[in-house]
Structures are given as C-alpha cells and as structure tokens.
Amino acid sequence: MIYRNFPTTNNRLNVVSIGGGTGLATLLSGLKHFVGDSHDDFPEIHSLSAIVAVTDDGGSSGRLRDELQMLPPGDVRNCMVALSEDSTLLSRLFKYRFRGEGELGGHSFGNLFLAALTEISGGDFAEAVRHASEVLAIKGEIFPATDCDVRLVAEMVDGSLVRGESSITAANSIVKNMWLEPERCSPLPEALEAIASADVITLGPGSLFTSLLPPLLVEGMAEAIAVSSATKIFICNLMTQPGETDNFTSAQHLEKVKEYAPIIDFDYVVVNNREISAEQTAAYAAEGAHQIGLGDSLSPVLRGRSVELIRADLLDAGEKVRHNPEKLAQVVLDCAVKAQFEQLAAF
C-alpha cells in the first residue's frame, strides 16, 4: 500500500486490537513501536488497547482457573510480553515453565505472577492486569473481554455438544454453532470506552473459533464495535486450522465472523499474498493445514458489501509460518491512513 505522507485529519491514532492467542500478541508487538513515537511514513499511535479472549481452559491457565476460580491468564500474559519494553527478557521470564512432576510443574512464571496479583487484588483479575501493566510499564492497556467466568460451548455438525475451548480444539470436528456459557456476560466498561474512542479497530489474526469469536460473543461487544466510527480491519490467518477451518478462504473466515456478529461491517480484510516455501507447504499439509489468501476474492461470498481486500507480504522468516509483526503493524497503519485519505477526498 502507498497511502503514506498524505495529509490526514488525525496523526495520533487510538487503536483497539481484539483477539487472543499468539496472533494478537504478534500484532501488538509490531504496533507498540508506533506508540508515542512519530515516524515519517506512519502516524503515531496515541493509545493502544488490547481486548483479550478469556475462554482458555487448558494447560497452566486451565489448572489455575479451576484451582483458584480466576480467569485464565495465558493470553493476557502473552499480550503483556508483547507490549513490554524489553520483550526478549520478559518473554524468557514470563514464558518460563517450571519443571518436574509436582504441582508446580508445567506452570509458567507469568501465569503465577498474574494469579498472585489476582489474589492480592481480592480476586479482581482486571485489577490484577492493571497492576501488572504498571509494574511492567507496558506500552498500552490490556482488558479481558469480560470479567465473568465464561466457557465455550460448541455444537458440532454431528449434533454432539463439546464444552471447553481445549475440548473444542481437540475434537477435530466442524463447529456448527458456538456460544458462551453463561450467555449473559458483560464487557469491562473500560473496554467499551476504548472502543468508543477508537480510530482503528482490528480483529485477528488468531484461531477463528477460540480466539476471535469469543470476545464478539460477550454481551454488548459487537454492538459497541458496530456503532464505533473507527476504521475496522479484519486480519486473516496465514493457514487453515485442521478440523476447524478446513478449506476456508479469507472470505469464508470473514463470513463466519459476520454470522456471529452480523452488525459489524469491516472496511478492510488483510491477507498475506506471499507464497510459503515448498518445505513449509509439505510440512503443514501433512498436518492438514493449507495456506490462505493466495488468489482469494471477496466475491461472491461478500458481494454488495463495502469491504476492501488488502494483499501484502506479511510472512516472517523461519520454519514456522508466522506473521511478521512489523509488516503487519505497518499494513494496519496504512489502512488507517488510506481510510482517512479517502474520507478527505470525498469532501
């Protein structure tokens, strides 16, 4: 994209990123470099907020959730690491998992840190996240999608019901319908305020059913996003997920989001247009995963909707297929500038 160095109505953006897992953390680690810092080619991010899924019930997060009746800390921990000033050191510390077969074995230090802060904060996980953010001096704010103890429930195509995010992932079956339990759960007021004042709202990348949809199922969240005047950007995954998004195109990813949150209209869909290596293709195909985005079109699935497909080289180096944080952040900011330029041109 080339909508840089154009005069815009707003050179200090409020950005809200929604999702979970490693995808959200990857995006945040790229966006943080633009927080409070001006660049010749890109606008400054005035505020950066992450709204994080809290339906994880596996691994260390699941154990702490069951034992301490707290929200799962894993995805929030990843976002804290991503937004920290010294992400290399903190990543090693917060992702460190204790060894052994005892009760401490398998827990990450970051999860235990948040668990301790939650206890000190009287069981208020959102308050614990705020305290941790101050201690770590992160470049942004992190909000759990809800402070309620919610679980994912999915009805599969065979009619079976599967409860719990980890069980849904392990089922390796196609999800027919999905909801939160309890269904009545509210977002944090601070998260709604961030959405209301946002200039840019992003969704993705991340697991479609377990990272991207759960925050949208929180009562009032989709409505808040829909009425926001922000530029709305959907960032598609690089690969399909076996058993969950088999053979999905980028348009079908967005169509599934629209199925659960029909009132949200996205302005841009961002997809990678660089082909992965033959070695990567073979390795992922052996696991049932295939590349998304190459040759995709938003028509006819989204015909008649004013959403633009943005193609860019978003691949990171390495054996695993991952988004490059800096490339991804730059495309998001390009979309913001493009939207502002087009609004100016319309007058």
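Student: What volume does the second largest pocket have?

Tutor: Rolling a probe the size of a water molecule over the atoms shows where empty space is left. On a 1 Å grid over the protein atoms alone, a pocket is an open set of points where a 1.4 Å probe fits, with protein on both sides within 12 Å along at least five of seven lines; lining residues have an atom within 4 Å of a point. A volume is the space filled by probe spheres set on the points, which are joined across faces, edges and corners. Here the second largest pocket has about 220 Å³. This is a predicted model, in which local features need pLDDT of at least 70 and side-chain atom pairs pLDDT 80 or more, while totals for chains, interfaces and linings use all residues. Residues are numbered from 1 along each chain, and side-chain values use heavy atoms, without hydrogens and water.

Student: How many residues line the largest pocket, and which lie nearest its centre?

Tutor: Its lining has 46 residues, with Gly21, Thr22, Gly23, Thr26 and Arg322 nearest the centre. The space amounts to about 1,300 Å³.

Student: Which residues touch the most other members of the largest nonpolar core?

Tutor: A nonpolar core joins buried (under 20% relative accessible area, 1.4 Å probe, protein chains only) Ala, Val, Leu, Ile, Met, Phe, Trp, Tyr and Cys residues through side-chain atoms within 4.5 Å. In this core of 99 residues, they are Ile51, Ile142, Met178 and Phe234.

Definitions and conventions:
Buried means under 20% relative accessible area, exposed over 50%, partly exposed in between (1.4 Å probe, protein chains only).
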